[in-house]
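Q: Could we go through the fold of this protein together?
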Amino acid sequence: QVPFPGTVYREVSALAMGDRALLSSDGEDLSVSFSLEFPYLSRLSREDSEPDTGRLLAVLAEATADALEGRRNARLLLSAGKDSTGLALALAEAGRHDVTCVTYAGEGDDEHVFAADVCRRLGLPHRTVSMDSLGDSVPDVLERFFTESPVPAGDLAQIATVLAVSGGAADGEAIVEGTGNDTTFGYLPRVKDRRASRLTLGRWGWAEGIRSLVPPGSQLNHFLRDPLEFNWTGLRLRYHETRRLIPGAVPTTPHWRAVRHDLRGVDFVDRRALLRGRHFEIGCQKEKIGLAARAFGLRAVHPYQDRCVIDYYFNLPESSRYDRDGLVNKVLLRQLLHEKLGYDESVIGKRGFQFDGAAFVRRHGALIRAEILQCRLFNREAAERLAGSIAGVDAGRHFWHAVVGAYQLAAWHNHSRYLKG
């Protein structure tokens with residue numbers, strides 16, 4: 001993930017939430033300067049919205065109906081998580097029982113079971129997609145995605161999203177999805193991430209030397225990460241590996257340490273929104289839906305980013321948005337789901353659009369090796385070493401993160417039509 005406003009393209013910038021660009025000219029040369037005015041800091045909430053689960057459902061249902069107006073073909077990407085389950089409830093409230101809910105079923109995952117039960121109770125059609133259901137078409141589907149993608153995929157669930165979106169796609173169909181609300185609803189860290197970010201040795205510069213001796217998939221990396229790294233997901237290749245794999249790679253640690261220094265004293269909820277919200281939620285999570293939809297001629301819609309939804313929820317009293325002491329987010333949304341569906345995250349567990357990455361590497365190891373070895377961005381010797389390690393992906397629980405991350409970059413670089421110019 002290239003930090004905003006940077007991109008993978010030279011002299012091309014992108015604006016994230018709150019970014020401002022000032023263009024100026026001396027008559028010959030054009031220059032641009034960037035600044036940040038983040039609109040969703042905790043202190044900016046008016047806290048004048050009335051906490052009411054009925055009102056929240058009405059606002060969300062109206063936003064969902066508006067996003068789908070005039071579109072007869074639509075699908076909801078439904079995990080068993082709070083956000084997409086909230087949209088399923090909004091679809092039913094809006095009378096859109098024609099929208100099919102799609103869940104990706106990973107190897108060993110059961111979220112499709114929970115999702116199917118929600119759909120049964122709400123009267124919504126449900127379909128499960130998996131690597132098995134797509135069979136031999138998986139390589140072709142992925143090649144089409146990477147060919148049509150203007151930027152490399154940064155989210156480790158990108159492949160699962162592509163497979164879920166591609167099946168039975170009708171041109172112009174709308175894909176409804178539930179990312180993009182953490183930043184405006186209150187972005188709290190998980191308990192284990194907040195504890196680890198306080199205890200990690202990675203806050204000290206000398207830890208980087210030790211870290212280079214630890215394998216990329218080892219759990220020991222958790223104790224050596226920079227505190228800001230707990231805002232990202234997965235254990236990817238570190239600079240120790242990327243400088244060998246990609247000639248000219250630059251370390252990102254100095255950048256993030258400078259950011260950490262600048263954010264000293266900032267409320268931890270705001271810090272999470274400024275970092276994970278701006279860079280990961282918008283740059284990876286939300287983007288993975290847009291990239292997948294665009295590749296197959298579809299349109300992604302995001303009801304949680306509707307202006308009325310944001311205005312209502314962001315301006316609730318803090319106690320209805322989140323519990324900062326207990327690190328519990330989306331309090332009013334949880335209440336709504338419990339009232340209507342008996343939803344209890346303590347039973348279901350935290351759910352996202354999960355991806356069985358280790359199983360993908362095992363099944364499609366030959367495809368991954370071929371893409372990595374064909375990538376001219378990579379140093380050949382380092383690429384061969386990485387490709388040769390794929391067979392041992394089960395040796396480390398998290399090593400597939402590094403393999404899939406490298407594969408997604410290589411496949412994009414090999415196939416993207418935007419690089420063929």
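A: The answers below cover the sheet and then a pair of helices.
A: This is a predicted model, where local features need pLDDT of at least 70, side-chain atom pairs count only at pLDDT 80 or more, and totals for chains, interfaces and linings use all residues. Residues are numbered from 1 along each chain as its sequence is written, and side-chain values use heavy atoms, with hydrogens and water left out.
Q: In what order do the strands of the open sheet stand?
A: The order of the five strands is β5-β4-β3-β6-β7, with parallel pairing. Strands (E, at least two residues) and helices (H or I, at least four) are DSSP runs numbered from the N terminus, and two strands pair if DSSP finds at least two bridges between them.
Q: Which strands stand at the edges?
A: β5 (126-129) and β7 (299-301) do; each has a single partner strand, so one side of each is left without a neighbour in the sheet.
Q: And what stands opposite L76?
A: V176 in β6 does. Strands β3 (residues 74-77) and β6 (residues 174-176) pair in the parallel sense over three bridges.
Q: New topic: at what angle do α5 and α20 pack?
A: Helix α5 (residues 138-148) and helix α20 (residues 399-415) pack at about 70°, their axes 8 Å apart. Axes are lines fitted to C-alpha atoms, for helices over the stretch in contact, and angles run from 0 to 180 degrees between N-to-C directions.
Q: Which residues meet there?
A: L142, E143, F146 and T147 in α5 meet Y407, Q408, A411, W412 and H415 in α20, where contact means heavy atoms within 4.5 Å.
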